[in-house]
Amino acid sequence: MDVRETAELDEDERFITIADGSDTGIVNNQVPEADIIRYKDSTYEIVSKIAYLLGVPKRIFENEHEPPKMEVYERLEQDKAARIIRHLCIIRTAIERNFKHINEKMRFDYTLIYNLPEYIPPDSMTQLSADGVNFVRKSSKKLCHHVIEINKLIADRINNCKKLFPLWLNWQYVKNLFVMPNGLTEDGTKAAADIYYSHLLFYPYQVYINWTPKEEGNILYNDKKFVTLLYQWNNDYFTEYSKVSDAGSYVKGSIYEFIESSEKVVIVVDCENSDPYKLCVTLRNLDRQYTKKISSIILFDDVHAASAWRILESFTAIPVEHMMIERVKQNKSLVDVMLISRTCQEHYKNNVDSFILVSSDSDYWGLISSLQDARFLVMIERESCGPDLKNALSDAGIFYCYIDDFYSGNTEDIKQGALFKEMYRYIDNAVRLNIFEMFDEAIRTTRIEMSSAEKQQFISQYVKTMQMRITDSGDVVLEFKRK
């Protein structure tokens, strides 16, 4: 017998309600201390998007004590593809929760699923209709047929939401959460329902997902926990934690305090010993209220350093000065000398009292210790900085932080910006093709006579419709469209 036919979920049993009135996927709202420690300083972007798509109630987003963030909800509400998946999932969960009651209404009272607002959220039905989606088919004689049709629509449309998630997150793992196994058959829907009813309290906010349920607490607690578990469920390991975490309040608070207590702040960057993407991320994740007090960023860049430093000014409102340092001897960089010299000049001539030094090079300790009237805050990379510099900074009471610790999950636009800028530069250097000069040369070489009208017609029909094709070896081929 189908468990959905026999299960009785009283009104009070459909949700686990905690003191603040929110539904959770756990028996109470006590977060294990181990989770607090293990998953501290996490972001909430991924879990908020997953919660939205799965159909977690809006009131959960509105509750500031729950992980899903309202700003993400509002953002995804504007995305048609995301809305469709959300409301399909809401209705699927509603059917699973109330299967027995809905089934009886359909079988004995001949009630259509449209006319059961006490079980099927009418707002979701209305929204799906407005978005042009209908899961009710004339051939659907059983309630499970509606579930099958919803499963088909979700499976067909879930890839439309791939764009919502970053490239570093394995999309297949995310996609699997929404696709009911063997969900296009009656046996598949029954098996999924059996698992759901048997482990209802383990499901996040009691919405249906495809997983092997077990007591994990709230799997949507934060991005760190969710992504860690997501990869474990797929026999994989997630290691790029900088993409799901951000520097803690102590680190950011110390940076803000340093800036606030300064008269004039300049950031000096050793481009040879720093990562441009990590610095972009760090600046992006600092409050503009404080960073606007920074007068400038001075990049000290060797001619052989990464071209990605050219993009920094595109991702910060702070004025950027890019100093390209030529080499006297090809095997000797002068970046450190120029950085020290310019820092001294800024301090003594331009009255800069505070510097944020971005470098993991211990050679700059001489600069820091020599400018005793200047204040320093040092940003380093965890794997590039040895213990000597960190010990010296600690002994001198100079605050340092790791730029690796700032949230890097939203760096795709930064990296794409660097790639496109470099590719455009390469194209400009490698290719120069003017179609009018090309056509004039062809006319001259072939000695063909054409009137002005004929030339314009030929160019419009054949030349301006030229198409680009890329071969398997990566070569670019330009081709004319000809009948």
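Colleague: Why is Asn235 called exposed?
Modeller: The relative accessible area of Asn235 is 76%, and exposed means over 50%, buried under 20% and partly exposed in between, with a 1.4 Å probe and protein chains only. Asn235 is therefore exposed. This is a predicted model, in which local features need pLDDT of at least 70, side-chain atom pairs count only at pLDDT 80 or more, and totals for chains, interfaces and linings use all residues. Residues are numbered from 1 along each chain as its sequence is written, and side-chain values use heavy atoms, with hydrogens and water left out.

Colleague: Where is Asn235 found, and what is its phi?
Modeller: Asn235 is in the loop between α12 and α13 (249-260). Helices (H or I, at least four residues) and strands (E, at least two) are DSSP runs, numbered from the N terminus. The phi of Asn235 is near 55°, a positive value in a residue other than glycine.

Colleague: What makes Gln206 count as buried?
Modeller: Gln206 has 1% relative accessibility, so it counts as buried. The residue lies in the loop between α11 and α12 (223-233). Gln206 is not a glycine, yet its phi is positive, about 60°.

Colleague: And why is Val179 called partly exposed?
Modeller: Val179 comes out at 26% relative accessibility, and so it counts as partly exposed. Val179 sits in the loop between α10 (171-176) and α11 (186-198). Leaving aside residues up to four places away in sequence, Val179 touches Ala155 and Asn210, where contact means heavy atoms within 4.5 Å. From Val179 to Asn151 is 28 residues in sequence and 6.8 Å in space, C-alpha to C-alpha.

Colleague: Glu346 is a glutamate in helix α16 (residues 335-348). How do you know whether Glu346 is buried or exposed?
Modeller: At 6% relative accessibility, Glu346 counts as buried. Not counting residues up to four places away in sequence, Glu346 touches Val266, Ile298, Asn351, Val352 and Phe355.

Colleague: What makes α6 roughly antiparallel to α9?
Modeller: Helix α6 (residues 80-97) and helix α9 (residues 143-157) pack at an angle of about 155°, with their axes 10 Å apart. Angles over 145 degrees count as roughly antiparallel, under 35 as roughly parallel, 65 to 115 as roughly perpendicular and the rest as oblique. That makes α6 roughly antiparallel to α9. Axes are lines fitted to C-alpha atoms, for helices over the stretch in contact, and angles run from 0 to 180 degrees between N-to-C directions.

Colleague: Which residue classes make up the contact of α6 with α9?
Modeller: By class there are 11 nonpolar, two polar and three charged residues. Ala, Val, Leu, Ile, Met, Phe, Trp, Tyr, Cys and Pro count as nonpolar, Asp, Glu, Lys and Arg as charged, and the others, Gly among them, as polar. The residues of α6 include Ile84, Leu88 and Arg92, and those of α9 include Leu143, Ile150 and Arg157.

Colleague: Why is α14 called oblique to α19?
Modeller: The axes of helix α14 (residues 276-284) and helix α19 (residues 412-430) come within 10 Å and cross at roughly 135°. That makes α14 oblique to α19. In their contact, Tyr277, Cys280, Val281 and Arg284 of α14 meet Asp413, Ile414, Lys415 and Ala418 of α19. Five of these residues are nonpolar, none polar and three charged.

Colleague: Why is β5 called largely enclosed?
Modeller: Five of the six residues of β5 are buried, so the rest of the structure largely encloses β5. For the chain of 483 residues, 48% count as buried.
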